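Please read the points alongside the sequence and the structure.

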Amino acid sequence: MLFRSGLSYLIPLFLIFQWLGLLGTLVPQIVIHLVVTVPIVIWIMIGYFETTPIELEEAARIDGAAPWQVFRHVALPIAKPGIAVALILSIIFSWNNFVFGIVLAGRETRTLPVAVYNMISFDQLSWGPLAAAALIVTLPVLVLTVFAQRQIMAG
């Protein structure tokens with residue numbers, strides 16, 4: 001659902017960024033990644049902070065902790081699995097954001113999946129370099145997921 005609704009904004013965003021003269025710069029990429037990932041992170045983190053027992057926060061306040069100390073020393077450690085899951089999902093969504101990258105990015109600002117796609121031509125298809133590039137693009141997300149697997153399972 002998120003992907004479909006994002007595509008419905010593609011043409012208006014293209015026209016706005018073109019009118020502002022920002023098409024082909026990093027600004028459209030940053031804005032799109034924020035629009036896609038921030039709601040997901042907020043949605044995940046609300047669930048984790050709602051599971052924080054109120055009694056722990058109240059005990060910290062009774063002990064004289066300020067609101068930021070309660071957040072930092074009580075709520076944040078409990079929400080570490082949620083932070084890890086939100087981080088991984090936001091990285092994966094940003095990394096795999098192909099459609100906006102191909103439409104809004106310029107030659108110098110395109111993302112790696114778009115660069116791999118541009119290796120395909122009508123004349124020839126070099127399977128070796130294409131497979132190597134696809135592996136390089138996939139590897140960071142795969143390594144991140146393997147290292148954070150325990151946090152994902154806890155989340």
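1. From the N terminus on, the protein chain runs α-α-α-α-α-α-α-α-α-α. The count is 10 helices and zero strands, where helices (H or I, at least four residues) and strands (E, at least two) are DSSP runs numbered from the N terminus. With a radius of gyration of 20 Å, well over the 15 Å that the globule rule gives for 155 residues, the chain is more spread out than a compact globule. That radius is taken over C-alpha atoms, and the rule is 2.2 Å times the number of residues to the power 0.38.

2. This is a predicted model: local features need pLDDT of at least 70 and side-chain atom pairs count only at pLDDT 80 or more, while totals for chains, interfaces and linings use all residues. Residues are numbered from 1 along each chain as its sequence is written, and side-chain values use heavy atoms, with hydrogens and water left out.

3. The C-alpha trace spans about 70 × 40 × 25 Å along its principal axes. Among contacts (heavy atoms within 4.5 Å) between residues at least 6 apart in sequence, 67% join residues at least 24 apart.

4. Buried residues (under 20% relative accessible area, 1.4 Å probe, protein chains only) make up 28% of the 155 residues.

5. His33 lies in helix α3, residues 26–50. His33 is buried, with a relative accessible area of 18%. Not counting residues up to four places away in sequence, His33 touches Val38, Ser94 and Asn97.

Technical notes
Buried means under 20% relative accessible area, exposed over 50%, partly exposed in between (1.4 Å probe, protein chains only).
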